[in-house]
Amino acid sequence: MSKDIQAKVEAHIKQLHAQLKITPQEDNDWNQFADVMRTNARDMDTAMNERQQQYLSMNALQNMESYQKLAETHAEHLEKLVSAFETLYNALPDQQKKLADQVFKARVGAEPKHAAAASPTRTE
């Protein structure tokens with residue numbers, strides 16, 4: 001993994017640790033979550049580099065297959081990340097869970113536009 005990407009991942013992990021106010025008692029679950037983040041970033045960086053190296057020689061079908069492989073890898077990584085976060089989240093006291101809820105809502109922002117457009121409560 002490039003040092004730039006590694007540095008960004010580590011900064012993100014450090015920022016989340018501070019925002020979630022992780023305590024020493026939560027460090028074991030936190031470290032498992034952070035390790036999944038690191039592994040996922042490393043694996044995606046490798047997959048993206050492989051695609052980039054082969055991109056110019058790909059035909060249209062190979063391009064689509066390569067993109068599909070990236071999407072599948074991303075989905076697999078999300079499953080691992082959600083599982084690790086679930087363990088951490090379930091171990092947090094209620095006040096910290098509320099903090100985590102706020103942090104993750106702020107990170108994502110308002111409801112995604114595509115979700116809002118599909119919402120049955122939309123009145124536009």
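# Close-up views of an all-helix model

**Overview. The protein has 5 helices and 0 strands.** The model is predicted. Along the sequence, the elements run α-α-α-α-α. The protein has 124 residues, and buried residues make up 25% of them. Its accessible surface comes to about 9200 Å². Carbon and sulfur atoms hold 54% of that surface. Among contacts with a separation of 6 or more, 67% join residues 24 or more positions apart.

**View 1. The largest nonpolar core has 17 residues.** Those with the most contacts inside this core are Ile13, Leu16, Leu20, Ile22, Trp30, Phe33 and Leu88. Four helices each supply at least two of its residues: α1 (3-19), α2 (27-55), α3 (60-91) and α4 (94-108). Helix α2 gives the most, with 6 residues. In soluble globular proteins, nonpolar side chains tend to be buried together.

**View 2. Leucine 88 sits in helix α3.** Is Leu88 buried or exposed? Its relative accessibility is 0%, so leucine 88 counts as buried. Beyond its neighbours within four places in sequence, leucine 88 is in contact with Ile22, Glu26, Asp29, Trp30 and Phe33. Leu88 is also among the core residues with the most contacts inside the core, as are its partners Ile22, Trp30 and Phe33.

**View 3. Lysine 21 lies in the loop between α1 and α2.** Its phi is near 55°. That is a positive value in a residue other than glycine. Lysine 21 has a relative accessible area of 57%, over the 50% cut-off, and therefore counts as exposed.

**View 4. The largest pocket holds about 260 Å³ of space.** Its lining consists of Ile5, Val9, His12, Met37, Asn40, Ala41, Met44, Asp45, His74, His77, Leu78 and Leu81. Helices α1, α2 and α3 each supply at least two lining residues. The largest share comes from α2, with 5 residues. By class, the lining divides into 7 nonpolar, 4 polar and 1 charged. Asp45 is the charged residue in this lining.

**View 5. The second largest pocket has a volume of about 200 Å³.** The lining residues are His12, Leu16, Phe33, Met37, Leu78, Leu81, Val82, Phe85, Phe104 and Arg107. Here α1, α2, α3 and α4 each supply at least two residues. Which helix gives the most to this lining? Helix α3 does, with 4 residues. The lining divides into 8 nonpolar, 1 polar and 1 charged. His12, Met37, Leu78 and Leu81 line this pocket, and they line the largest pocket too. Leu16 and Phe33 belong to this lining, and both are among the core residues with the most contacts inside the core.

**View 6. Serine 66 is found in helix α3.** Its relative accessibility is 14%, under the 20% cut-off, so serine 66 counts as buried. Which residues are in contact with serine 66, once its neighbours within four places in sequence are left aside? They are Arg51 and Met58.

**View 7. Threonine 46 has its place in helix α2.** With a relative accessible area of 38%, threonine 46 is partly exposed. That value falls between the 20% and 50% cut-offs. Serine 2 is 44 residues apart from threonine 46 along the chain. The C-alpha atoms of this pair are separated by 9.5 Å.

How values were computed: Residues are numbered from 1 along each chain as its sequence is written. This is a predicted model: local features need pLDDT of at least 70, side-chain atom pairs count only at pLDDT 80 or more; totals for chains, interfaces and linings use all residues. Side-chain values use heavy atoms; hydrogens and water are left out. A nonpolar core is a set of buried Ala, Val, Leu, Ile, Met, Phe, Trp, Tyr and Cys residues joined through side-chain atoms within 4.5 Å. Buried means under 20% relative accessible area, exposed over 50%, partly exposed in between (1.4 Å probe, protein chains only). Contact means heavy atoms within 4.5 Å. On a 1 Å grid over the protein atoms alone, a cavity is a set of points where a 1.4 Å probe fits but cannot get out, and a pocket is an open set with protein on both sides within 12 Å along at least five of seven lines; lining residues have an atom within 4 Å of a point. Grid points are joined across faces, edges and corners, and a volume is the space filled by probe spheres set on the points. Accessible areas come from the Shrake-Rupley method with a 1.4 Å probe; for residues, only the protein chains shown count as cover.
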